[in-house]
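Please view the sequence and the structure together while reading.

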Amino acid sequence: MSRKVTIGSTRRRKEIPDFFTREECNHIITLAKEQGLESSLTTSTGKGKGLTLRDSNGDQKLSLREMQMTLEDGFDIYLDDDDIRQMYAELGVDLNKDGFLSRQEVDGETIRKISSYVMKVEEEQPIKKSRFSEQTWIYPDKTEDPLVQSFQDRIAKLTMLPRVLIDKFSYFQVVHYGKQGHYNAHHDSSYLDDSSTCCHLTESKQCRICRYMTIMVYLNNVAEGGETAFPVANNDTYNAYVFRQTGMMNLNTRCQDSNLKVQPQQGKAVVWYNHFINASTGWLGDVDPLTWHGGCPVTKGHKWIMNRWIAVSESREVDLAVP
Ligand SMILES: O=C(O)CCC(=O)C(=O)O
Ligand SMILES: [Fe+2]
């Protein structure tokens, strides 16, 4: 009788001290430096083509928070109330300074002005971006490095997932944050959506990222800051709309409001499940919304991490097929 393989069914998050030794951490940092790092992007970086006004309460005017959400979605840039007020002053809008722009005031011309203003901010103040770091990818199948090779075994052992699944997506990301480096709250995976399939196993253009698990390892001790924050961890009353309104995704300024902050510690792994299990298929279910997380600003020193995601598709048969 064959045993039915599933991808597990837990919502737990785990911290594993000493998943890597100090030497292993340093080795990965050296590899990343040798390879060279480049500015991190997010999936929405560079969108900003057309702004969709986030008049979330439908009162036909944009509050400061609604303008912030408009820019967060359009440009992945996180401005605070003072930034927005300054932008309005410089652009000569909101002349009565009440912090509201009526829908009529936000005409095509104003949107164009706001867009070019925000693109300038993005260039001049990268700290306002949702992700402020640099990164590189390491591909175990393209290196002879024995340490990198051994990761696959370790990841298989840790996750207790079939080796064939682990081997299908083996690469990992090394990320470096300098002073004030941060990553605002996000989900590592995409919500299910019938109109697209999982990216990494198809060539489909209309695809989404399906990362069942995240394994993140701290590669150094951070002098100050740089915690990994889970703003709504264990929040039984989570409501997506309310969470969005609070602006707590902006970890660059709101880290202290997070329910859980994990301290960086060299060699420690933090592991969590981004998805639930679909009860009928036993395979990929929807995103667990409480996995919102990100990196708090590094206030002193540097922070190095490694991200390894367990990528799956919607189909057990596809994922477990031997190539
Ligand atoms: O830097 C951190 O602590 C979190 C990083 C993260 O969430 C990511 O790279 O996806
Ligand atoms: Fe993440």
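In what order do the seven strands of the open sheet with S1 and S2 run? The order is S1-S15-S11-S20-S7-S6-S2, with antiparallel pairing; strands are DSSP runs of E of at least two residues, numbered from the N terminus, and two strands pair if DSSP finds at least two bridges between them. The edge strands, S1 (13–16) and S2 (38–39), each pair on one side only.

This is a predicted model, in which local features need pLDDT of at least 70 and side-chain atom pairs pLDDT 80 or more, while totals for chains, interfaces and linings use all residues. Residues are numbered from 1 along each chain as its sequence is written, chains are lettered from A and ligands numbered from 1 in the order in which they are written, and side-chain values use heavy atoms, without hydrogens and water.

**Iron site**

- His186 (NE2), Asp188 (OD) and His293 (NE2) coordinate the iron ion (ligand 2) at 2.1 to 2.2 Å.
- Donors here are N, O and S atoms within 2.8 Å of the metal (3.2 Å for Na, K and Ca); water is not among the atoms, so sites may look incomplete.
- Along the chain, the donors of the iron ion are spaced as H-x1-D-x104-H.
- His186 has a relative accessible area of 12% and is buried, and Asp188 is buried at 7%.
- Buried means under 20% relative accessible area, exposed over 50%, and partly exposed in between (1.4 Å probe, protein chains only).

**Ligand 1**

- Ligand 1 is surrounded by 14 residues, and the closest are Tyr177, Thr228, His293, Lys303 and Asn307; a residue is near a molecule if one of its heavy atoms lies within 4 Å of it.
- Oxygen atoms of ligand 1 lie 2.6 Å from a side-chain N or O atom of Tyr177, 2.8 Å from one of Lys303 and 3.1 Å from one of His186; a polar contact is a pair of N or O atoms within 3.5 Å.
- The protein buries 99% of the 290 Å² that ligand 1 exposes when taken alone, with areas from the Shrake-Rupley method and a 1.4 Å probe.
- By class, the shell around ligand 1 holds five nonpolar, six polar and three charged residues.
- In this scheme Ala, Val, Leu, Ile, Met, Phe, Trp, Tyr, Cys and Pro are nonpolar, Asp, Glu, Lys and Arg are charged, and the others, Gly among them, are polar.
- S8 (182–186), S18 (293–295) and S20 (303–311) each supply at least two residues of this shell, and S20 gives the largest share, four residues.

**Strands**

- A further open sheet has five strands in the order S5-S8-S18-S13-S14, with antiparallel pairing.
- S5 and S14 (260–262) are at its edges with a single partner strand each, so one side of each has no neighbour in the sheet.
- S8 is largely enclosed by the rest of the structure, because five of its five residues are buried.
- Two bridges join S5 (131–132) to S8 in the antiparallel sense, and Phe132 stands opposite His182.
- S8 also pairs with S18 over two antiparallel bridges, where His186 stands opposite His293.
- In the seven-strand sheet, S11 (211–218) and S15 (269–273) pair antiparallel over five bridges, with Met216 opposite Val270.

Note on methods:
A polar contact is a pair of N or O atoms within 3.5 Å; within protein, one must be able to donate a hydrogen and the other to accept it, and residues adjacent in sequence count only if both atoms are side-chain atoms.
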